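Please open the model in a viewer and keep the selection panel at hand.

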There are 2 protein chains.
Amino acid sequence: MQPRAVRSMEEFAALSGISRPTVSKYFNDPASVRPSTRERIETALERYDYRPNIYAINQNRKLTKNVGIVVPYLADPFFAEMARTVERRCIEAGYWPILFSSHGERDTERNILDTIARMKPAGVLMAPLGRASDRTAVERFCREVPTVVFDSHIEGVGEAFVGSDNFQSVPLMIDYLCATGMPPCWLEMQPVNPNANKRRDAYRTAMTARGHEPRILRVDGDDWDFERIGYEGGLRLLDAGLPDTDTVFCSNDRLAIGFLSACYERGLRVGRGGDLRVAGHDDHPFARYTCPPLTTVAQDYEAISLHAVRTLFSVITGKGPQVRKEILFGGRLVERASA
Amino acid sequence: MQPRAVRSMEEFAALSGISRPTVSKYFNDPASVRPSTRERIETALERYDYRPNIYAINQNRKLTKNVGIVVPYLADPFFAEMARTVERRCIEAGYWPILFSSHGERDTERNILDTIARMKPAGVLMAPLGRASDRTAVERFCREVPTVVFDSHIEGVGEAFVGSDNFQSVPLMIDYLCATGMPPCWLEMQPVNPNANKRRDAYRTAMTARGHEPRILRVDGDDWDFERIGYEGGLRLLDAGLPDTDTVFCSNDRLAIGFLSACYERGLRVGRGGDLRVAGHDDHPFARYTCPPLTTVAQDYEAISLHAVRTLFSVITGKGPQVRKEILFGGRLVERASA
DNA sequence: ACAGGAAATTTACGCGCGTAAAGATGTTTT
DNA sequence: AAAACATCTTTACGCGCGTAAATTTCCTGT
């Protein structure tokens with residue numbers, strides 16, 4: 001026989017023999033009431049299973065405990081992993097994460113920001129679409145809501161940016177590839193975000209600095225179906241013939257996965273000692289299971305998510321950076337069979 | 001010069017020259033007010049950019065326009081795709097979808113249901129963890145909130161179940177494999193949900209009915225890192241030697257992707273005319289980019305998501321099924337190079 | 001032009017909780 | 001023991017909106 005549901009704090013306070021304001025105080029911070037009082041409340045809590053109404057709570061706060069999490073494309077396991085990690089950290093910190101995916105669409109991202117703004121969130125962790133983002137809308141949003149931007153940089157926007165140092169990771173791979181074989185050409189798609197541009201620039205600079213001719217191959221496609229872009233573009237490239245190198249450095253792992261598929265279809269053996277070598281960037285969750293397993297530069301997921309969350313919380317609690325900060329993490333070479 | 005922010009419906013009503021109850025009526029259904037009134041409100045809306053406070057709105061509804069979406073593991077692109085499709089349909093229907101991932105964890109799923117219940121949602125679309133689900137908690141939840149269960153069945157729970165017909169899809173693949181080569185053995189992991197069990201049973205039944213000896217191979221692993229399970233288990237199996245067949249039917253595509261990686265590592269050529277054939281199940285978004293591309297049975301994502309959403313809305317609006325319904329969709333054979 | 005119904009306005013209450021102020025208890029200090 | 005402080009109770013208001021009831025204004029058809 002379950003005790004009947006308790007519908008309000010008033011009712012619950014009466015049942016537990018404590019005044020409502022004190023109960024309210026307890027729910028905002030259990031440690032703020034006397035231990036004996038706390039115990040009485042928690043005993044009653046077990047008996048009656050009452051929870052404060054979230055809408056009533058948030059209506060009377062200028063700021064809620066909500067934290068918005070926005071990623072550009074959730075069907076990309078990289079962002080799914082990111083979201084998962086970040087979500088957990090928020091919950092541990094006593095916040096209420098709410099996850100959104102822009103699905104690669106400008107309008108969707110804009111609507112999400114609109115929606116989040118209405119929720120009076122304590123803060124937001126946002127990985128923007130990049131090129132497709134409505135810069136004005138994002139800027140306006142970031143002026144209203146404390147936002148930490150990650151993965152894809154938008155100049156001057158948000159309280160801080162946390163991401164990868166492409167100018168470290170790309171040369172890292174180039175050095176490896178040059179040391180173990182021919183200098184790589186660069187395979188990219190139409191850049192969806194600044195990372196793509198930075199990586200290409202890093203490639204060009206590093207190659208030039210090492211006395212090699214940079215060779216940049218561009219394949220078509222401007223949506224988030226990277227594998228397909230790499231596959232279809234890869235077929236065309238292979239049929240037209242690569243420039244004079246047997247090594248292809250793809251601007252990201254998903255593109256590389258598609259390209260590997262194209263290589264397979266054309267009967268090319270990929271890997272050291274094979275017909276050509278292929279490398280990627282990011283250490284995508286599935287990169288270790290491609291055939292051959294993909295040599296790549298691992299982004300430091302853990303560090304990025306940890307610092308993004310920490311920075312946001314320090315901003316929220318007021319201890320945060322008054323001046324905008326940019327935190328970059330280096331990559332780690334992951335040597336597998338593909339290059 | 002932006003006009004100052006409007007903070008309440010009271011204020012907005014005054015600015016637009018309409019009474020507050022009428023404005024309230026408008027926001028609940030713009031078509032419920034006279035066209036001339038509607039126009040005046042919308043003109044004012046453009047000038048002042050007012051939006052009703054979501055917390056105040058929901059506090060005064062017994063039921064909100066929120067729709068909870070729960071998936072067991074968002075880092076699986078299958079569920080990410082599912083979530084995306086379902087999300088869009090909810091928005092189009094004027095609802096407010098809120099996405100949750102159980103991350104493969106029993107406690108997380110339970111907490112999510114708890115959270116959702118507090119939000120007074122109009123309904124919920126839920127793909128349960130399966131074996132790891134707290135059946136009692138899910139049952140209790142479904143008694144309180146109209147829920148359509150999809151992908152993974154829980155007997156008797158929810159207003160309806162929408163999923164795949166494993167007893168159609170598995171024999172479909174078996175017939176194809178038998179017609180083009182040797183009868184397949186069955187590669188499975190420890191079942192995380194009923195689908196896995198049904199597929200194995202379907203395999204056994206169909207093989208027996210066709211006069212073939214069913215051969216079931218089980219690999220270790222009880223988390224959601226299916227690729228790793230398929231890879232590591234696959235290595236062990238290959239080293240121990242497969243039973244007398246060259247054809248492996250994997251219980252899902254992610255497992256198959258891992259197994260393909262194991263085959264590659266052992267130097268086995270996969271595909272028709274190769275050392276062995278590998279088939280999967282689901283038509284995972286990345287299945288077409290494996291090497292070789294994976295022959296599989298496609299789940300009808302579109303049909304499942306469409307029917308799940310439709311069923312939920314018909315239940316919400318009261319036109320729905322009073323008796324619990326189970327809707328199953330057949331699979332479609334996707335013939336690629338791996339088998 | 002007038003009746004009759006549709007739609008808008010006015011007025012009022014309630015939702016469940018945050019929060020402030022004043023006073024009453026309880027606990028610790030010297 | 002009394003003083004000094006921490007904590008609780010009582011009382012009361014406000015948040016922004018849904019919604020009901022009674023009244024007034026508007027639109028339509030004759």
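Begin with domain 2 and domain 3 of chain A, which bury about 1400 Å² between them, 51% of it on carbon and sulfur atoms; buried area is the accessible area (1.4 Å probe) that two parts lose on being put together, summed over both. This is a predicted model, in which local features need pLDDT of at least 70, side-chain atom pairs count only at pLDDT 80 or more, and totals for chains, interfaces and linings use all residues. Residues are numbered from 1 along each chain as its sequence is written, chains are lettered from A and ligands numbered from 1 in the order in which they are written, and side-chain values use heavy atoms, with hydrogens and water left out.

To select the two parts, take 66-164 + 301-330 for domain 2 and 166-298 for domain 3 of chain A, bounds that come from an automatic or database domain assignment.

Next, display Asp76(A) and Arg254(A), whose side chains form a salt bridge at 3.1 Å, N to O (a side-chain nitrogen of Lys or Arg within 4 Å of a carboxyl oxygen of Asp or Glu). The count between domain 2 and domain 3 of chain A is one salt bridge.

Now turn to DNA strand C. Among the atoms of DNA strand C within 4 Å of the protein, 63% belong to sugar or phosphate and the rest to bases. Select Ser19(B): a polar side-chain atom there lies 2.5 Å from a phosphate oxygen of DNA strand C. Finally, select Asn60(B), where a polar side-chain atom lies 2.5 Å from a base oxygen of DNA strand C.

Definitions and conventions:
Near = heavy atom within 4 Å. Polar contact = N/O pair within 3.5 Å; in protein donor to acceptor, adjacent residues only side chain to side chain.
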